[in-house]
Structures are given as C-alpha cells and as structure tokens.
Amino acid sequence: MNQTKQRQQALASLSRSEPWDMLIIGGGITGAGIAREAARRGLAVLLIEQKDFAWGTSSRSSKMVHGGLRYIASGDYKTTLLSVRERERMLSEAGGLVNEMHFVMPHYKGKFPPPWIFNTLLRVYDKLAGKRYFTYFKKDAFLRLNPHIKQNNFLGASQFSDAVTDDSRLVMRVLDEAIHDGAQAINYLKAESLLTNEKGLVIGAALKDTADSNSIANNAQTYNVHAKVVVSATGAWADNLRMQASQQTEQTFSKQIRPSRGSHLVVSQERLPLTQAYTFLHPVDKRAVFVFPWENRTVLGTTDLDHPPLGDEEVGITSEEVDYLLTATNDLFDDVNLNREDVISTWAGVRPLISEGGDGKRVSPSKEKRDHSVWLDNNLVTVSGGKLTTFRLIALDVLKKCQEVLALDESVIQNNNLDSDQVFSNQIPTNPKFATLPKPLQQRLQGFYGLQLDRLLELAHDEDLAYVTDSNTIWAEIRFAARYEQVIHLDDLLLRRTRLGLILPHGAMTPLISARLKQICQEELGWDEQRWQQEIERYQNLWQRYYHLPAA
C-alpha cells in the first residue's frame with residue numbers, strides 16, 4: 001500500500017462515530033510520549049501534528065539526553081535525580097538510539113569553574129546516577145590526547161558522561177511504540193480551532209488537512225473530531241490553544257511561554273576532529289557552550305536568545321549567532337581557525353521556557369528553569385516546557401491531570417507502579433540480512449527502528465544495505481521511511497526521517513545522491529517528474545533559508 005492510500009485510510013478514521021478517549025495536538029517528543037503512555041493503557045488515542053512529526057523543537061534540539069548538571073549547582077537535586085534516572089533508563093532500553101558520550105570540561109588558571117568546585121559537582125552527579133563516570137586528567141596526560149586545545153594557563157580537565165541521540169528518530173521510535181499499542185498518528189493535520197459544548201468545555205477540535213500545500217488556502221478537507229479529553233502538547237505554541245480555551249468562559253489568561261532560540265553549526269570531522277564532547281564557558285558572556293561529535297560530523301552549540309512570538313514558519317540561525325559560536329570554538333581550539341566556509345549546515349530550534357517573570361524579562365533565558373508545567377483550562381489539558389530526557393515523566397504528569405477530566409483507572413496515574421514498564425520494546429530481528437551487517441550498524445538500526453526492523457530489512461534491496469557516502473545512514477532507511485513513515489515532502493525525508501540534509505554538502509542535493517533519492521521517491525511515493533521537481537525546488541529554498549548560513 002502506498003503512502004497516499006495509507007493517508008486516506010488514516011483520515012477516514014477521523015469520521016468515527018464514537019469520540020476518541022484522547023486527542024493529542026502536537027507531534028513532538030512530548031506528544032509522542034503521552035500517546036505512548038496512554039495507548040499502552042488501552043485508551044483510544046489520536047495524535048495530530050500540523051506540520052511533520054518532530055518538525056518543531058524535537059528535531060532541532062541539542063541532541064542531548066542529560067541529567068542537567070547545572071541543576072545541582074542551583075540546589076535542584078530532585079530535577080537532576082529524575083533526569084539522571086531517565087537518562088540511565090534510556091541508555092539501557094534504547095542503545096543505538098541513545099548512546100553514552102563523554103564530556104570534558106577544560107580548566108584554566110584564574111577561570112571559572114576551578115577544578116575542585118566542578119569535580120565536587122561531578123561526584124554528586126555520579127552518586128545520583130549510581131555509577132562512576134567522573135575522571136580528572138592532569139595537564140600533560142590530557143594534552144597528549146587533545147593537542148588542538150588551547151594550552152596557555154591550562155590546568156587539567158574533568159571528564160563526565162551524559163548521552164546523545166537523534167532527537168527526530170527518538171520521536172518516531174516512541175510514536176511507533178504508541179501506534180503498535182493502538183494509537184493513531186497523522187501528520188500535516190492542523191487544529192484550526194477547539195470545539196466546545198454549551199458550557200464552554202472543550203470536547204474536540206476542528207482539523208484541517210495541510211498535506212497539499214496548494215489546497216491549504218482553498219477548500220482543504222476539514223474534520224470535526226470529538227474526544228473525551230484534548231491534550232495540547234504544542235511546546236512553544238502552547239499559549240495559542242490555551243487562550244482559545246480560556247475565552248470560552250471569559251477566564252483571565254496570561255501568557256506563560258517564553259520562546260528561546262537555540263542555534264547550532266555543523267562542520268566536518270576533518271576540520272575539528274573529536275572523539276568526545278567539550279563543554280566550556282563562552283569567552284564573552286560566560287555562558288556554557290559545547291562542541292560534540294554527531295553523525296560523523298562535529299556540532300557547535302548552542303545559543304539561548306529570546307525569540308519573537310511564533311507563527312507557522314521555520315526558524316533559522318542569525319549571522320550574530322554564527323559569529324558567537326565560531327568565536328567560542330576558536331577560543332578553545334586556538335589552532336583550528338574555523339570560519340563560515342567550514343559550515344556544512346545549521347539548525348535552530350525554539351525551546352518553550354516557562355517564564356518565571358510573567359512578562360519573561362526578569363532573568364536571561366539561560367537562567368529560566370527547564371521544568372515542565374501542566375494546566376487545565378475548561379477540559380483542555382496543556383503541557384509545555386521540560387526536557388527531551390524526561391519525556392516519559394512529563395507524559396505521566398499529563399495523565400494525572402487528565403484524571404480530572406477522564407475517569408481513568410487509578411493505576412494509570414501511580415508513578416510507582418510504572419517504573420518497571422519499558423518505553424521501548426526490544427526484539428531480535430529474524431531477517432537473515434541482519435546477520436550480514438556490521439555490529440555498529442546492527443545496534444544503530446535496532447535502536448532506531450525497534451519492532452519495525454524486520455519490516456525495514458524485508459523491504460531493502462541488496463544495494464540498499466550500503467551507506468549513503470560517509471554517513472551512518474543506509475539507503476534502506478530512506479526506502480523504509482518513504483514507504484511507511486508518512487513522508488509528505490522531501491524535507492520530511494532529508495531533515496527528520498534521516499539527517500542527510502544536515503550532514504551532507506548542499507543539503508544532500510549533489511547529483512549522485514539526488515539521482516538515487518529520485519528513484520526511491522518515484523518507486524515508493526509515486527512521485528512523477530513534475531512532483532519531484534516541485535519537491536526539489538521547495539526543499540532547496542527551505543534549506544538555503546533555514547539550514548544554511550544567513551547573510552553575513
């Protein structure tokens with residue numbers, strides 16, 4: 001069955017006569033996590049996303065699954081403890097998708113933090129994790145292994161561990177677990193407005209099909225979908241639906257979300273070869289920044305700036321942010337001299353910070369807490385804030401709040417009874433092709449695709465088991481995504497289902513790559529020459545504007 005028929009079947013399910021138990025608006029990691037926890041408990045769940053799955057913050061994060069070391073410094077041990085435990089859980093359940101990564105903090109004479117303070121924090125960090133990760137390297141031993149680092153006044157370096165992931169694939173993996181347990185998930189379906197009853201209580205949403213960009217403005221298909229509870233998991237856009245719900249009964253409403261932009265640069269491993277991550281303070285404003293290896297490339301990040309109120313458009317890096325990240329990296333690696341010509345791609349995401357100051361101006365974005373909040377407004381449950389690492393805990397808190405609307409079984413909301421439930425199902429693939437693959441690729445594919453891996457291998461042609469140039473991605477992943485993962489546009493395939501648009505030159509639009517992509521899209525998506533050219537033009541315009549360098 002091709003994608004068009006799959007989508008038609010999915011949309012047909014919207015006309016069911018019975019209301020859904022739960023309608024989740026938002027297809028990022030928070031929405032996916034809620035769908036996963038609700039569906040496994042037998043609820044009839046529909047998740048919708050106005051763009052593509054993980055289109056917003058959840059494909060543009062810093063890729064870190066971490067415990068939040070800075071929370072210890074501020075005395076917030078509870079947040080750190082919960083985050084560290086979730087990190088360890090994900091490392092255990094989703095190896096290949098969530099992988100341990102060593103971080104190094106270099107120390108310099110007269111610079112903050114001194115080794116003794118930082119190392120004390122790391123010992124507490126390890127104690128919360130129940131594992132020993134911390135190591136201190138003296139000057140000479142460290143410089144022998146890290147000759148590129150700035151050596152003037154260097155004292156030594158502290159090493160600790162967190163984890164790294166492909167955030168977009170994490171969303172798809174969690175969504176797949178939810179779908180396996182009976183949830184329905186549809187992308188390019190926008191919640192235009194909330195449906196309410198005579199008391200002003202939210203009972204559903206009016207949805208518009210946005211898959212065909214040509215029909216969005218004129219006569220796009222619409223659906224009125226009813227649900228016993230509606231959950232808004234729209235992240236940085238959360239205030240929009242909350243305002244609608246509050247207006248139904250003239251409740252006073254004040255905006256809570258403070259959008260904060262974090263931007264990143266991608267350069268080649270040849271220009272900045274790393275085997276571990278470095279975290280350090282920016283020489284200008286003393287904010288923590290980092291560089292780390294990811295997908296055979298090196299990533300520089302991140303900024304933390306107030307972002308204007310969001311519309312439906314993409315978010316891109318600014319010229320000032322490019323200079324900011326290059327300055328920081330060149331200050332630490334003083335013989336590397338990175339410049340704009342070294343940048344392969346960029347990405348920028350908007351974090352939904354919960355403002356402590358009401359108007360969001362009392363503290364800098366970096367000092368706002370990363371905790372999540374859950375609100376109930378006329379039967380609309382809204383969640384925002386929080387971290388990638390704690391998506392499971394956020395989902396459980398949302399289910400608790402839904403208890404005030406839905407008559408859920410008490411076991412649904414008891415955290416203590418849920419600690420043994422795995423988020424990720426694991427099974428050994430039976431397809432004989434699996435045994436022929438290199439061990440690192442086996443682990444990666446198991447982490448990325450879980451229960452779907454046999455289906456991916458069954459679909460793969462022999463030539464699809466080869467890597468796409470020097471990436472970690474094989475062609476079979478592209479074919480599988482095109483066939484089964486609701487790919488509507490080329491950017492879905494190159495920026496989220498795979499990350500080839502971020503790690504290959506020109507957004508992966510080189511002649512050889514483009515020709516093979518075209519063949520797969522024609523075979524699996526049924527795109528004719530006209531559609532292919534439309535998608536190429538759309539993708540290249542989008543990539544140049546939002547994933548490449550801005551004008552200097």
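I take a contact to mean heavy atoms within 4.5 Å. The model I am looking at is predicted.

Entry 1, contacts. I looked at contacts in the protein chain between residues at least 6 apart in sequence, and 72% of them join residues at least 24 apart.

I find 17 helices and 18 strands in the protein chain. I then looked up the radius of gyration, which is 23 Å; the globule rule gives 24 Å for 552 residues, so the chain is as compact as a globular protein of that length. Along the principal axes, the C-alpha atoms fill a box of roughly 70 × 55 × 50 Å.

The accessible surface is about 22900 Å², and carbon and sulfur atoms account for 49% of it.

I have 63 positive and 67 negative side chains, with the centres of the two sets 5 Å apart.

I find 15 aromatic pairs in the structure. One of them joins F137 and F142, 6.1 Å centre to centre with 50° between the planes, and I log this pair as tilted. F137 is partly exposed, with a relative accessible area of 23%, whereas F142 is buried at 2%. I also looked up F448 and Y449: their ring centres are 6.2 Å apart and their planes stand at 50°, so this pair is tilted. F448 counts as buried at 4% relative accessibility, and Y449 counts as buried at 2%.

Entry 6, cluster. I find F137 and F142 again in one aromatic cluster, together with Y108, F154, Y278 and F333.

Technical notes:
Residues numbered from 1 in each chain as written. Predicted model: local features only at pLDDT ≥ 70, side-chain atom pairs only at ≥ 80, totals over all residues. Heavy atoms only, no water. Helix = DSSP H or I, 4+ residues; strand = E, 2+ residues; numbered from the N terminus. Rg over C-alpha atoms; globule rule 2.2 N^0.38 Å. Areas by Shrake-Rupley, 256 points an atom, 1.4 Å probe, with all protein chains shown as cover. Lys, Arg positive; Asp, Glu negative; His and termini not counted. Charge placed at Lys NZ, Arg CZ, Asp CG, Glu CD. Phe/Tyr/Trp six-rings, centres within 6.5 Å; stacked < 30°, edge-to-face > 60°. Buried < 20%, exposed > 50% of the residue type's maximum accessible area, 1.4 Å probe, protein only.
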